[in-house]
Amino acid sequence: MFSIGPCAFPEVRFAEMVFPEKENHYHAMIGAQAMRMLDVSAFVAASRVARLPLVTARIEDFRFLAPLLSGRLAESVSQVCEVKEKEIAVEAKLFSEDLLSGARELCVRGRFYFRLAKTAQISPP
């Protein structure tokens, strides 16, 4: 189903600021926003390997390790870690960065699994 090239899988990085519309009452990024960022980043990493329509099948070992506070940069880093016949696994991490000091902290991590979308199996008439 998936073809693997000779090179190592590249990282996918996305960054966005944590502004008030993305924070909870503790002035930290809402958990669903963090999960969304990682899912998008992981999807792009998996899609670049498969070059086929994929869907998120499951998420494992998803952990909130530290709060991602408002006013900081949120950077997601995703990389394919395993390719099987019908599934691609992607390690995804979300870092917080203070733009003034450059201090970084790992805040969220998880492993995302993607499978071929069912629509991809239907050939056009």
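Tutor: Happy to. Let us begin with E91, which is partly exposed, with a relative accessible area of 27%. Bear in mind that we are looking at a predicted model. E91 forms a salt bridge with R111, and the closest N and O atoms are 2.5 Å apart. E91 belongs to strand 4 and R111 to strand 5, so this pair ties together parts that are 20 residues apart in sequence. R111 itself is partly exposed, its relative accessible area being 23%.

R111 has another partner to look at: a salt bridge joins R111 to E82, with 3.8 Å between the closest N and O atoms. Here the link runs from R111 in strand 5 to E82 in strand 3, distant parts of the chain that are 29 residues apart. E82 is partly exposed too, with a relative accessible area of 30%.

Now for the strands behind these contacts. Strand 4 (residues 88-97) pairs with strand 5 (residues 104-116) in the antiparallel sense, over 10 bridges. Within that pairing, E97 stands opposite R104 in strand 5. Stepping back, five strands make up an open sheet, ordered 1-3-4-5-2, with antiparallel pairing. Strand 1 (12-17) and strand 2 (54-64) are at the edges with a single partner strand each, so one side of each has no neighbour in the sheet. On average, neighbouring strands of this sheet are turned by 25° against each other, direction ignored. Helix 1 (residues 31-50) packs on the sheet and touches strand 1, strand 2, strand 3 (73-83), strand 4 and strand 5. The direction of helix 1 makes about 40° with that of strand 3.

E97 and R104 bring us back to charges, as a network of salt bridges links E11, R13, E75, E97 and R104. One of its contacts is between the side chains of R13 and E75, at 3.0 Å from N to O. R13 is in strand 1 and E75 in strand 3, so this pair ties together parts that are 62 residues apart in sequence. The two ends of that contact fall on opposite sides of the 20% cut-off for burial: R13 counts as partly exposed at 45% relative accessibility, whereas E75 is buried at 13%.

For the overall tally, the model has 15 salt bridges. The disulfide count, by contrast, is zero. As for cysteines, C107 is buried, with a relative accessible area of 0%, while C81 counts as partly exposed at 36%.

How values were computed: Residues numbered from 1 in each chain as written. Predicted model: local features only at pLDDT ≥ 70, side-chain atom pairs only at ≥ 80, totals over all residues. Heavy atoms only, no water. Pairing = 2+ DSSP bridges. Helix = DSSP H or I, 4+ residues; strand = E, 2+ residues; numbered from the N terminus. Axes fitted to C-alpha atoms, helices over the stretch in contact; angles between N-to-C directions. Contact = heavy atoms within 4.5 Å. Disulfide = S-S within 2.5 Å. Buried < 20%, exposed > 50% of the residue type's maximum accessible area, 1.4 Å probe, protein only. Salt bridge = Lys/Arg side-chain N within 4 Å of Asp/Glu carboxyl O.
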